[in-house]
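Biologist: Please take a close look at the backbone of this model, in the stretch that follows a helix. Keep it plain, as I am new to this.

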Amino acid sequence: MAAGEAVAAVDDQHSPADVQAAAALLRETAADRATVLITGAGSKLGWGGPVIGPDLEINTRHLDQLIDYRPGDMTVAVQAGMPLEALQPILAEHGQWLAIDPPTQTAGATIGGLLVSGDAGPRRLRHGTLRDLSIGCTLVLADGTIARAGGHVIKNVAGYDLTKLMHGSLGTLALVAEVVLRLNPLPAAGRTITCTLDATGATRATAAVIGSGVEPSAIEWSGSPSSTGILLVRLDGTARTIEALSNHAVRALRDSGAHDPEVLSEGPSTSSGISIPEPGDSIPEPVEGQPHPAIIRLGTLPDQLPMITDKINTLADRHQVEVWMISSTGLGLHTARLSGPVRGQAALIDELGAVVQQLGGSLALRDRDPELDRVRGTSAPMPEPPPATALQRAVKDRFDPDHRLAPGRFAPWF
Amino acid sequence: MPHPTSDLAHSGTGSDQPVPVTGGHVAGGHVAGGLAAARNAFVAAFPSEQLVTDPVGLKAYECDGLTAFRMRPALVVLAQSTEDVARAVGICARYGVSFVPRGAGTGLSGGALPGPDSVVISTARMRKVLAIDADNRRMTVQPGMANSAVSAAAEPYGLYFAPDPSSQIVCSVGGNVAENSGGAHCLKYGFTTNHIHAVTVVTPTGEIVQLGGNSADPIGPDLLAVFIGSEGTLGIVTEITVKLLVRPVAVRTLVADFATAEQAADAVSGLVSHGVIPAAVEMLDQLAISAVETATHAGYNRDAGAALVIEVDGFDAVVGEEFEIAERLCRDNHATTIRIAQTPHERDLIWKGRKSAFAAMGRISPAYLVQDGVIPRTRLAEVLTRIAELGKAAELRVANVFHAGDGNLHPLVLFDSDDAEETERAEQLSTAIAELCVAFGGALSGEHGIGADKACSMPTMFSDDDLDTMQRVRSAFNPDGLANPDKIFPTPRLCGEKSGKYRPHPLESTGLIGRG
């Protein structure tokens, strides 16, 4: 990814073998205030603002061990550099899984990276992100302090929840060294239902499926904002219940106006036994010689999908940008891919950011052409800092007083 | 004025000792002087009906549901809006006076225990629904609204608010946010932290800030998540946007009796490892059943050594299958009888019995202390045996009624509060049980919070570095330490030089606080 390439050129790379070594490294480099980029698999380095010239990179690839798996308690403690892809097969042997299915799993996404980025996947609708599934952590602060929070039990209100504080921090507050996770039973059977709907129809269908009581695992709509797209509804259950669930959901879809719901036959299983047709697969690859497309992430109220697609459509026409969208319609989260001239991408982001902010939602920048931030003159995704910025800055100042960790990531806000 | 302490809080009549109201006894003239000036500022800023200043009125705010710790506050402000709270906190910040947020006052860890010379800021009068957005399954409410009133307001839309602490009829949703409350059904649905989209808070410096919002992916570190469960030490919540869930299509509930609590615990472990996550799995031991039956006649079997309440909810076909598995596992683990609720009324009665269990203890003991430790679910039987041994050694009765599915124990140590020696023994036993949970790889508290009650036990669970790191968050929000001081974190003042063991609260030693 373009933004990733810009930071991958750090000469001074370290891969500490344990938590102590990571702490020692941060402690030793604290005196000269060396700036640090913490990396895992590197699958999301292009998220947020570009990190300004880090003096060193600390990679968690050697912090990849399983620490303590307790199948009877349905908890597991892992080092944060463990790839999700390595963890799921171990859990699957006991009929369990960590209930997230991020598209970056195949790129080697690590548990630590998934926590600090909030990257989850379609099943976030039912299971949440690692914010909801992490029950404890070990952190290494910029001064080398090793701190633990939470624990190994699934219910715990002792002390502040520092694990959840890391969610969304993108490596700016601390190095996440270990994470304790809550597990779920691996569903024995699943079905995916597909139908053709525009944004308005998809919003209505989503409400109908959720309201029907089938407890869907995922509902995703993908397409171009200017036309009809595909709605996918994922149901997980057992051999005995899955038909009833799927029939009920099909009925709810039809009642809401979907005319062609179809139950897909199961696709090939992944190592975790879970499969959902990945909407990301259908995104066209960038064309050689063209500007790199920009990926943006929007958060709105779920029923604002039609309004957002209309707005994007208008802006896309005006600025000659082609847009492809995937929405988690039950959650109001939308990932959009903008292709076309960088100037057009920049104008669309500027205008859309203002609209979304007005709605109380969010726009975040992910992988993009480095030129995009230059054209926009900022890496701020929205015109105004979010309301929590001053407090986030205050927390940053106390966790990392010299601003050594990932400087620039939330520029210009903190 | 209505007494803010809930009838679900445990017994205790409180001390009638006169308690100094002004700050004259505290070293440090700044605070005492600040308090006098702050008092004038409050009188100037608020109409008299929003202030409580007389000793009789203040007495109602001496303690929360943990009646053993009592301290009369200097002043109480009854806020009616976000602006009221901001104005009150602003006065405290200006004059360096500490403040204690308070909701319904049903907390069980002394989180709303006033400090000397502190101002209590009550949100109990802020009970309005501000907005219902059924299409997006969310509702914005003021913090003083009762937990069950939130679900009642959502009912016409077929929606509800999932956290359901046993005190839900009275406890406030603001208190739920402060404590990250759970309840019986959090096994399947998660805790308060999993059910909040956004909050408006007044920070300890008096600013009004929104955390969270309309986006499920807000930018930057998740301050909403760290605020929830911070027990009033990071500010006061004044508006809350809760997530609402669709009422499950089907619900089935059973009560299974067992000869021993250990057998019931084995059934729970079997259920969890079988891949079934019921909505709720609750356990009552013989002593708890006896108290509940005396108080409520809910239909529990007094002859059982222990009873499990198992509830499965969701889509009807799924509920049917999971309920069958639950029944089978109870039988496999030697359940003596299994009673299945046949009507909604019967189900309500089962829950009424379970949820009034703490209050029912009053029928079998003059006073009790409740603990809230969590243990790994696979070790339930072992820990219950150890608790029984500790109780025997201390010559005290211990009743157990708890959230078995997530390993969250509520051992109730029964004692006579008129007997000083027995009271002391009960407190030592209660603390020993909480720390036993930590020794088994668990946690000091699952849902009641650390508050003033367990702050001195925190070093058994966390290192100095762990606690110092949490303090970094606290100082970012609360730089002058005015928001709910002496809660969560052990201090030498509170716990003595060597923290980690029970000591009398310093206010108690000086005769400033009494015991229930």
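Modeller: Here is a walk through that stretch, with two other places for context. The model is predicted.

Start with the segment after α13 of chain A. The helix α13 covers residues 389-399, and Pro412(A) is found in the segment after that helix. What kind of peptide bond joins Ala411(A) and Pro412(A)? The bond is cis, with omega about 0 degrees. Most peptide bonds are trans.

His403(A) is also in the segment after α13 of chain A. Its phi is near 50 degrees, a positive value in a residue other than glycine. Most residues other than glycine have a negative phi. Is His403(A) buried, exposed or in between? His403(A) has 28% relative accessibility, so this residue counts as partly exposed.

Now turn to chain B. His297(B) has a phi near 50 degrees, again positive in a residue other than glycine. This histidine sits in the loop between α9 (286-296) and β14 (306-314) of chain B. The relative accessible area of His297(B) is 59%, so the residue is exposed. The cut-off for exposed is over 50%.

Last, a strand in chain A. Ser222(A) lies in β12, which spans residues 218-223. Ser222(A) has a relative accessible area of 11%, so it is buried. How far apart are the C-alpha atoms of Ser222(A) and Leu66(A)? They are separated by 36 Å, and the two residues are 156 residues apart along the chain.

Technical notes:
Residues are numbered from 1 along each chain as its sequence is written. Chains are lettered from A and ligands numbered from 1 in the order in which they are written. This is a predicted model: local features need pLDDT of at least 70, side-chain atom pairs count only at pLDDT 80 or more; totals for chains, interfaces and linings use all residues. Side-chain values use heavy atoms; hydrogens and water are left out. Helices (H or I, at least four residues) and strands (E, at least two) are DSSP runs, numbered from the N terminus. Buried means under 20% relative accessible area, exposed over 50%, partly exposed in between (1.4 Å probe, protein chains only).
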